[in-house]
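Good morning, and thank you for joining this group meeting. I would ask you to look at the sequence and the structure before we discuss them together.

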Amino acid sequence: MAENVPITVARGDGIGPEIMEATLHILRAAGARLDIEEIEIGEKVYLAGNAAGIEPGAFDSLRRTKVFLKAPITTPQGGGYKSLNVTVRKTFGLYANVRPCVAYAPFVATKHAGMDVVIVRENEEDVYGGIEYRQTDQVTQCLKLISRPGTEKIVRYAFEYARRNDRKKVTCFTKDNIMKITDGLFHKVFEEIAREYTDIENEHWIVDIGAAKLSDTPGAFDVVVLPNLYGDVLSDVAAQIAGSVGLAGSANIGESIAMFEAIHGSAPRRAGQNLANPSGLFLGAVMMLVHVGQTDVAERAHNAWLRTMEDGVHTYDIFKEGVSKEKVGTREFAEAVAARVGQKPETLKAVSYKSGGAQEKNTSTRAAHETKAERKETVGVDVYLDWAAGSANQLGAAMEKLNGDGLKLSSISNRGVKVYPGGHTETFCSDHWRCRFVADAGEGSAVTHAQIARLLARAAESGFDFIKTENLCNFDGAPGYSHARE
Ligand code: NAD
């Protein structure tokens, strides 16, 4: 008999305790071999003065068990409360968010019978560092960070997931026609890693048309891997068009710790009435069972749940006269699933999970390629100014006066559009200007940090409010910076 696996459970707020009890009831009936440690998270913890909604002691439990089954929580209204999910994700480096979005036609209403898409969202990078600045009276900024190691991890995870789950294709969405350096890196790494998985088809779509296609023809997709922000938006869209957000579970996977949950919130208005559908949390728990290697239990529990869907035993949120057979509460639904353990669906496709132990232990950290560091050379600097004292030509003339010491002004742009020299009078200019300085010898020639520091000193002496600088660097001779639109 295999040993029990320790897991950490949080019952959460609102409908959380009811759907967790229902989920655990089904897991027990299916023979899950679990030792449960419970922790308190959410509203009570927030209101007791902990801004993160989770006690430091609870982290010890997560470090011990490395597996977290989490019910939804209520974030109290008002400022100052940090998202618990973001805290857990960042603390434990949960880099992959995995969300299967499946339609259960004809038993649950959907516009897309046959939809079976898994969204794999990068969970740590992109604009989610929350690095934002108000730089001028008019202009704010948010940093979008995409790293090679972060992208390699998520893309490799998507291909490994596809292979483990007999998926045929991995699709990548980016906007690299506009963000050529950041999204461009994501796309490039995707293509590099895809070449290692010759058994799996791969393709790339620009995210706008890809999103339209996914919403219209989800059957064209299998596994979709995306940077964080696009993944955030499209994983909700995908769950919604599959049928109901109440039916989707999700996994947040890290190198050593993983968290499993429903995608919906704590639905406070439904709390305590034995009404809520526990299916989202339950399907998250099925992913957890696969993660800890209890694929036999996962398969039994999941097939019993599919059979229950098929038998028309539905909670209020998916109940439909003429399609559903019996409207049940949370508890009765769990009992109906538990009673079907050992049965398989007859119309819906039964699931089968490959056995083989802790199969989520993937190879994601393995470097994709022996990438040697490229030769980096500083070739200029962009000096950003908060300036509202006149026209682009007037600023150009003032900036030219800072030329010298081997540096010269090459151009000025405003919100990414070149306005000097030779701008268009129609271009609207904000109070946020980018002044690009390069070597006297021309763009691409080396400049030193000392030259840049002296340039800033000259700017300060002339009374300019510089708000930030970005060094321009070449990597193996190729520019690592974008050019303004002419
Ligand atoms: P929600 O997901 O809780 O509810 C949205 C709608 O879906 C409501 O009409 C609700 O009744 C219904 N619904 C949700 N889950 C259901 C279920 N299992 N069965 C039946 N109906 C269900 O979203 P919300 O109302 O925007 O947020 C409520 C609270 O949940 C907020 O405090 C929010 O911060 C929190 N929240 C938590 C999480 C999380 O813990 N992961 C995620 C999202 C929202």
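Among contacts in the protein with a separation of 6 or more, what percentage is accounted for by residues 24 or more positions apart? The figure is 77%, where contact means heavy atoms within 4.5 Å.

Let me state the basis of these values. This is a predicted model, in which local features need pLDDT of at least 70 and side-chain atom pairs count only at pLDDT 80 or more, while totals for chains, interfaces and linings use all residues. Residues are numbered from 1 along each chain as its sequence is written, and side-chain values use heavy atoms, with hydrogens and water left out.

I begin with the whole protein. The C-alpha atoms fill a box of roughly 80 × 55 × 45 Å along the principal axes. The secondary structure comes to 13 helices and 20 strands; these are DSSP runs numbered from the N terminus, with helices being H or I of at least four residues and strands being E of at least two. Of the 486 residues, 53% are buried. Buried means under 20% relative accessible area, exposed means over 50%, and partly exposed lies in between, using a 1.4 Å probe and protein chains only.

I turn now to the ten-stranded sheet. It is open, its pairing is mixed, and its order is β2-β1-β3-β12-β11-β4-β5-β10-β8-β9. Two strands pair if DSSP finds at least two bridges between them. Because β2 (34-38) and β9 (201-206) each have a single partner strand, they stand at the edges, and one side of each is left without a neighbour in the sheet. From one strand to the next, the twist averages 25°. Axes here are lines fitted to C-alpha atoms, for helices over the stretch in contact, and angles run from 0 to 180 degrees between N-to-C directions.

Two helices pack on this sheet. Helix α6, residues 182-194, touches β8 (169-174), β9 and β10 (223-226), and its direction makes about 165° with that of β8. Helix α9, residues 279-291, touches β1 (5-10), β2, β3, β4, β11 and β12, with its direction at about 155° to that of β12.

Next, the partners of β12. Strand β3, residues 67-70, pairs with β12 in the parallel sense over four bridges, and F68 has M259 as its bridge partner. Strand β11, residues 249-253, pairs with β12 in the antiparallel sense over five bridges, and S250 has E261 as its bridge partner. A hairpin of four residues joins β11 to β12.

The nonpolar cores come next. A nonpolar core is a set of buried Ala, Val, Leu, Ile, Met, Phe, Trp, Tyr and Cys residues joined through side-chain atoms within 4.5 Å. The largest has 77 residues, and those with the most contacts inside it are L69, F159, V170, V225, F260, M288 and W305. Helix α9 gives the most to this core, with nine residues. Another core, of 23 residues, lies apart from it and includes M399, V419, A439 and L455.

A second sheet also calls for description. Six strands form this open, antiparallel sheet in the order β17-β16-β18-β15-β19-β20. Its edge strands, β17 (417-420) and β20 (478-479), each pair on one side only. Seven bridges join β15 (residues 376-386) to β18 (residues 432-439), and V381 has F437 as its bridge partner in β18. Helix α13, residues 449-461, lies across β15, β16 (407-414), β18 and β19 (465-475), at about 15° to β15.

Within β15 we find D382. Why does D382 count as buried? It does so because its relative accessibility is 3%. The side chain of D382 makes a polar contact with the side chain of R436 at 2.7 Å. A polar contact is a pair of N or O atoms within 3.5 Å; within protein, one must be able to donate a hydrogen and the other to accept it, and residues adjacent in sequence count only if both atoms are side-chain atoms.

I close with the ligand. It is surrounded by 18 residues, and the closest are G265, S266, A267, N277 and Y316; near here means that a heavy atom of the residue lies within 4 Å. An N or O atom in the side chain of H264 is 3.1 Å from a nitrogen atom of the ligand. For S266, a backbone N or O atom lies 3.0 Å from a ligand oxygen atom.
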